[in-house]
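Please open the structure in your viewer and keep the selection panel at hand. The tour below moves from one selection to the next.

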Amino acid sequence: RSQLLKSRELLSTYRRMPARRPPDLSPGILSDTVLRLFPFENVDQTSVLQLVSYEDRNYYFVGTLQGQPTTDEFVFKISNASACLDLIEGQNDVMNYLKERDIPCSYPLASRQRDYCIVVSSSDLQFISDSAFSCCIRVFPFLQGNLLNSVKVTEQLLRCVGRFVGTLDNAFEGFVHPAIKAHLNCWDLRNFPDAKKYLYAVDDLNKIAMATKVFEYFSEHIEPVIPSLRHRIIHGDCNEQNILLCGVREGGPYEVSGILDFGDCVYSCLVFNPAILLTYIMLLLVDDDPIRHASLVIRAYQEVLPLETCELQLLYYCVLVRMCLSVLIGAHSYKQDPSNVYQLCTQKCGWKLLKILLDTPKDEVDRLWYEEHNNDVVVQ
């Protein structure tokens, strides 16, 4: 359990524009708050553990819901309500929408008043500050499973993940939420040109040259066709730390057991979501023929949700954009706060993958990803 919690600590990092951080709660105050606002019979104060986060506060705890015979594990999340309450409620609606369609994902529990998001003042939480401010409180079941980056990657697993994300994207067809649609997010690939302001944080001229090439690709190949592409709500962050796995049987193959963190959920181009997934799969396998292994993922995705020809032709460029965006925002964030090691998570391998992709002709990538039947790829 401690190993699982330690690896899951990074998941709650909230990577949007910073707002004032909510109060740090003691186990006693957290327990009292949960029992007062949510239908719990008891909370084990000794189980409370704060998880690492950037903007929210997130706590693991063990408790018993009313009417349940046994204890279970949960996450208590407290956010600054000024960080767009409509968006938080929109994320709740997205998670509940998926839950109703049997897509395994994190989802908020209803309060005693049947609300999924409760706004309280800092004084209600016995937090003393210079000025009172509002906090948004949610409780989620703690999803069981192993993170994708904590298990051995196999051909079967890559196909499983591809099919799952295809199923996830399929579920969003026809679903539109006004708060999600109106949300502007720096991680939305449509806003990639804004990331030029982060080039100052890159000290290596070769890396700046790579990033500049990706900006050129975006302007030439992606930006002109964005209005004509299929749009829908997408998860926006299908990375190796947001996909949970469980074993089908002891010692047997893994299957996807859930997806976490809808904080980057946006209404955007459909093709961006599989591109984001491919980016992080290749980061996992950056030293083991990543482009070829990504072909297993995108082929499995298309078994569930076929991409249109124009989307397939953009996939290579979209992956470049996501990888470049990640290393640029990471470099900027690290400059702002050198103590935040999380921001360097993708830096080490990210630039390496970007170089591999840029050094590989696009037609070769296209051939591997969707032009040839490639059934003999095995992860070493």
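A residue is called buried when its relative accessible area is under 20%, exposed when that area is over 50%, and partly exposed in between. The model in the viewer is a predicted one.

Begin with helix 4 (residues 155–171), and select Glu155 and Arg159, which lie four residues apart there, about one turn of the helix. Their side chains meet in a salt bridge with an N to O distance of 3.5 Å. Glu155 has a relative accessible area of 23% and is therefore partly exposed, whereas Arg159, at 16%, counts as buried.

Next, select Glu308 and Arg230, whose side chains form a salt bridge of 3.6 Å, N to O. This pair links distant parts of the chain, 78 residues apart, with Glu308 in the loop between helix 8 (290–304) and helix 9 (309–336) and Arg230 in the loop between helix 6 (205–222) and strand 7 (231–234).

Move on to Asp287 and Lys352, a salt bridge in which the closest N and O atoms are 2.3 Å apart. Asp287 belongs to the loop between helix 7 (272–284) and helix 8, and Lys352 to helix 10 (residues 347–359), so the pair ties together parts 65 residues apart in sequence.

Finally, select the open sheet of three strands, which has the order 6-8-9 with antiparallel pairing. Strand 6 (146–147) and strand 9 (254–259) stand at its edges, because each has a single partner strand.

How values were computed. Residues numbered from 1 in each chain as written. Predicted model: local features only at pLDDT ≥ 70, side-chain atom pairs only at ≥ 80, totals over all residues. Heavy atoms only, no water. Pairing = 2+ DSSP bridges. Helix = DSSP H or I, 4+ residues; strand = E, 2+ residues; numbered from the N terminus. Salt bridge = Lys/Arg side-chain N within 4 Å of Asp/Glu carboxyl O. Buried < 20%, exposed > 50% of the residue type's maximum accessible area, 1.4 Å probe, protein only.
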